[in-house]
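Hello,

Below is the structure I said I would hand over. My notes on what was found in it follow.

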Amino acid sequence: MADVNTASAAFLATIPSPDQGVWHIGPVPIRAYALCIIAGIIVAIWLGERRWANRGGTKGTVIDVAVFAVPFGLVGGRLYHVVTDNQLYFGEGKNPLNALKIWDGGLGIWGAIALGAVGALIACRRKGIPLPAMADALAPGIVIAQAIGRLGNYFNQELYGAHTDLPWGLEIYQRYNPANPDDFLNGVALGHVPLPDSPVHPTFLYELLWNLGVALLVIWADKKFRLGHGRVFALYVAGYTAGRFWIEMMRTDTANHILGLRVNVWTSILLFAAAIAYFVLAAKRGPREAPETLWSKDVPREDSSDSDSASAESHAEVAAAPDTVRDSAADKATEDPKPDPEK
């Protein structure tokens, strides 16, 4: 009985992993990873749209930009992952076609940002709006989307750290897929048999919480200091890479190394330095972009069109008035004003 109670207490003091990350509706697989990515994109677009409109931009512009940026970003994220972890897909005994299976996980955020920026640039030029301003509006939503995406890693039971006895350690279980015994990702945990290192550091959770903190920091700084010209985005990059540096050092998943450090550690160092430099230098460009520069060139401004319409109606009324009325109005305008008795 004592052993059972001890085991129960240990289990309750840790975080259990989901039994599976893939469900099937008939032949159609429903993947938690994909759902998290989609949810993150929706949140990023929603928040970005609100922030863009609050800055004076045209409503609906963020959705138009996302039509270009999201597909580019997904391709870029996958390319970054395949290039930096090429041993998973190429070489003896590997199937290169697996590099196309984005639904099995594997998106590099920096590839997604880089190629997504290309798509956003194309859209911004078509709209006649500055890309740095759009990046500033999107920055908090992007890092929140990254946080939501990390939940997909939780369901996939991946991207964790070494063994830990801390109360928030993550229990990881053996999963079994009867169709393919080597395919643990699409398997199901039967009996909650722990893997040898379980419980482990939930590094995906560390990054999730860090990302939410970065989002709050960026929103606060932007509101207080009215940042512009890409400085909000630079602050996001600096904040995210600062956390990714130490979290990446804790991860135990397979990764390529350069001079003893994981590739993503070096990427974080370089991007952090570049983001800080840009943040400082961009301050010389002056105050935040004027609202009129954020209006899409293919959408007429409501305020200007209303003003023009009102002016046209006024001129039409004067032109249609009888001559006696116009003359009376002119005479009244030239009369000396009556003295103010209070003066």
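Two strands are said to pair if DSSP finds at least two bridges between them. Strand β1 (residues 22-25) and strand β2 (residues 28-31) are joined by 4 bridges and run antiparallel. Within this pairing, H24 has P29 in β2 as its bridge partner. The two strands form a hairpin with 2 residues between them, and G26 in the turn has a positive phi of about 65 degrees.

Please keep in mind that this is a predicted model.

For the overall picture, the protein has 10 helices and 6 strands. Of its 343 residues, 41% are buried. Among contacts between residues at least 6 apart in sequence, 75% join residues at least 24 apart. The accessible surface comes to about 19500 Å², and carbon and sulfur atoms account for 66% of that surface.

Next, helix α6. This helix covers residues 203-225, which is 23 residues. At 1.5 Å a residue it should span 33 Å, and its end C-alpha atoms are 32 Å apart, so the two values agree. Its buried residues include F204, L208, N211, A215, V218 and D222. An α-helix has 3.6 residues a turn, so residues three or four places apart point the same way. Just after α6 comes R226, which takes a positive phi of about 50 degrees.

Helix α7 gives the most to the patch, with 3 residues. W246 lies in α7. The relative accessible area of W246 is 33%, so this residue counts as partly exposed.

Finally, Y80. This residue sits in helix α3 (residues 61-84). Is Y80 buried or exposed? Its relative accessibility is 17%, and the cut-off for buried is under 20%, so Y80 counts as buried. Leaving aside neighbours within four places in sequence, Y80 is in contact with G108, W110, G111, V263, N264 and T267. One of these, W110, is 30 residues from Y80 in sequence, while their C-alpha atoms are 7.2 Å apart in space.

Regards

Technical notes: Residues numbered from 1 in each chain as written. Predicted model: local features only at pLDDT ≥ 70, side-chain atom pairs only at ≥ 80, totals over all residues. Heavy atoms only, no water. Expected span 1.5 Å × (residues − 1). Buried < 20%, exposed > 50% of the residue type's maximum accessible area, 1.4 Å probe, protein only. Contact = heavy atoms within 4.5 Å. Areas by Shrake-Rupley, 256 points an atom, 1.4 Å probe, with all protein chains shown as cover.
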